[in-house]
Amino acid sequence: MARDKRKKIFVFSSFSVLFLIFSFVLLSASSLTDEKEIISFTRETDLKALAHSFPLDPLMTDGKKIYLLVDRKYLDSIRQAGYAFTLETDRFNFDINRKTKSGLNLQSGLNGAYHSYTELSLALKSLAASYPTISRLYILGKSLENRNIYALKISDNVTIRENEPKIALLGCHHAREWISVEVPLLIADYLLKNYSQDIRIKNIVDSAEIWVVPLVNPDGLDYSIFNYRLWRKNRRLNADGSYGVDLNRNYSYQWGYDNSGSSPEPSSEVFRGAEPFSEPETIAIKNLFINHRFSAVISYHSYSQSILYPWGYVDLPTEKEELFQQLATAMADLIYQVNGRRYEVGRASASLYLTNGDFTDWVYGFFQIPAFTIELPPVDRLHGGFVNSEEDIQNIFQENLPAALHLMEWAVSTFEGVRKEVKFEPKIWLEKRTENVVKDKSAVFKGKESR
Ligand SMILES: [Zn+2]
């Protein structure tokens with residue numbers, strides 16, 4: 001993939017940031033630079049008043065404490081203002097010697113071989129430019145901080161909407177799950193590169209429309225790269241001064257069903273937002289799905305090596321439990337054959353923990369189509385948690401490729417035509433800043449916005 005080193009050097013020097021990571025322990029992470037400290041307050045602290053006087057960057061809570069990133073120069077003033085805090089920077093300090101032991105090799109900047117938002121933009125534009133007859137780059141919407149949420153459409157006759165099954169591959173609802181950007185991106189790359197020489201790929205691309213959205217949460221991803229590695233949510237400034245909505249709890253199906261599958265607390269890691277679809281990032285995804293009748297969907301996350309399907313909000317089977325079980329098992333078997341890694345299969349509610357307002361429940365709940373969450377490696381925190389070595393990116397992609405192809409072929413083989421034409425057409429912005437991307441000539445994307 002194309003890289004953007006100049007940008008990276010610029011960002012690196014100008015942000016003078018936290019380095020990287022490791023998450024053998026919950027709060028592993030960043031080696032802080034000279035200017036920043038991490039401090040914690042008890043939950044009773046009036047953060048709203050505090051945030052009024054000082055620029056604070058809330059990182060996370062662990063039940064009893066709230067952790068914030070702050071410029072060192074403010075520490076004295078905060079203390080003088082009567083706020084008691086604990087300096088926690090050491091807890092987050094990254095032992096540089098671990099880097100080699102872990103296999104983590106930062107060859108090219110903070111995020112190494114992983115894509116930042118800017119690098120991903122370039123990679124997608126480059127793919128769309130290299131394969132103009134079978135791919136098109138769309139912007140589904142803008143993030144809170146005005147980054148694009150891209151969708152790469154892959155199909156023959158790509159400029160028109162055909163009566164073909166549509167499959168969506170999404171990545172990175174959660175910022176720190178970097179590998180979940182790479183897998184859908186590499187699958188897109190593989191389809192495009194092998195179209196002309198691999199009859200199996202040609203058949204899929206000719207008879208389906210594949211929509212790849214590798215980065216649902218661009219603000220969060222860049223925050224995870226340049227500020228705090230274990231950041232999860234988007235970058236919404238909440239009413240109480242904390243940051244972030246969990247985008248995978250912000251969809252409308254059974255939103256806020258209970259407070260264990262998501263949280264009403266803004267500072268929580270699983271804060272569901274003030275209302276369903278309160279976030280521009282989830283609205284962008286909603287618009288794509290209202291605009292297109294999909295036949296099958298995979299949403300990539302990490303970690304835990306599992307393939308999950310609805311329901312997540314309650315521990316009950318859907319009406320399609322048997323089909324979901326079959327498809328998930330077939331995918332897990334295909335994955336196992338590549339590198340011998342076993343992905344567990346099951347209902348989301350039974351496998352990990354309850355989740356409400358998540359993407360796959362919404363997709364199945366509203367559209368009745370198979371929707372899978374694939375939790376990529378590693379299997380647990382001891383094996384790296386949210387951090388995968390750069391060397392493992394290819395392995396993880398390769399083992400997931402046959403599973404994704406299988407689901408695409410299933411969608412093609414069971415397709416019965418579009419049952420009902422979509423009534424509302426959301427506004428889909430086209431990429432204008434690059435001539436790489438063709439302008440949309442057909443009328444199919446015109447129409448009303450349906451937020
Ligand atoms: Zn996730």
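Backbone notes

User: Where is W311?

Analyst: W311 is found in the loop between strand 10 (306-309) and helix 11 (321-339), where helices (H or I, at least four residues) and strands (E, at least two) are DSSP runs, numbered from the N terminus. This is a predicted model, in which local features need pLDDT of at least 70 and side-chain atom pairs count only at pLDDT 80 or more, while totals for chains, interfaces and linings use all residues. Residues are numbered from 1 along each chain as its sequence is written.

User: And the peptide bond from P310 to W311, cis or trans?

Analyst: The bond that joins P310 to W311 is cis, with omega near 0°.

User: What about P377 to P378, what's omega there?

Analyst: That peptide bond, from P377 to P378, is cis with omega near 5°, and P378 sits in the loop between strand 12 (371-376) and helix 14 (392-413).

User: Switching to phi, what does F277 do?

Analyst: Although F277 is not a glycine, its phi is positive, at about 55°, and the residue is placed in the loop between helix 9 (218-226) and helix 10 (280-291).

User: Is F277 buried or exposed?

Analyst: F277 counts as buried because it has 20 C-beta neighbours inside 10 Å; the cut-offs are 20 or more other C-beta atoms within 10 Å for buried, 12 or fewer for exposed, and in between for partly exposed, with C-beta atoms placed from the backbone.

User: What's the phi of S304, and where does S304 lie?

Analyst: S304, also not a glycine, has a positive phi of about 135°, and S304 lies in the loop between strand 9 (296-302) and strand 10. With 19 other C-beta atoms within 10 Å, S304 is partly exposed.
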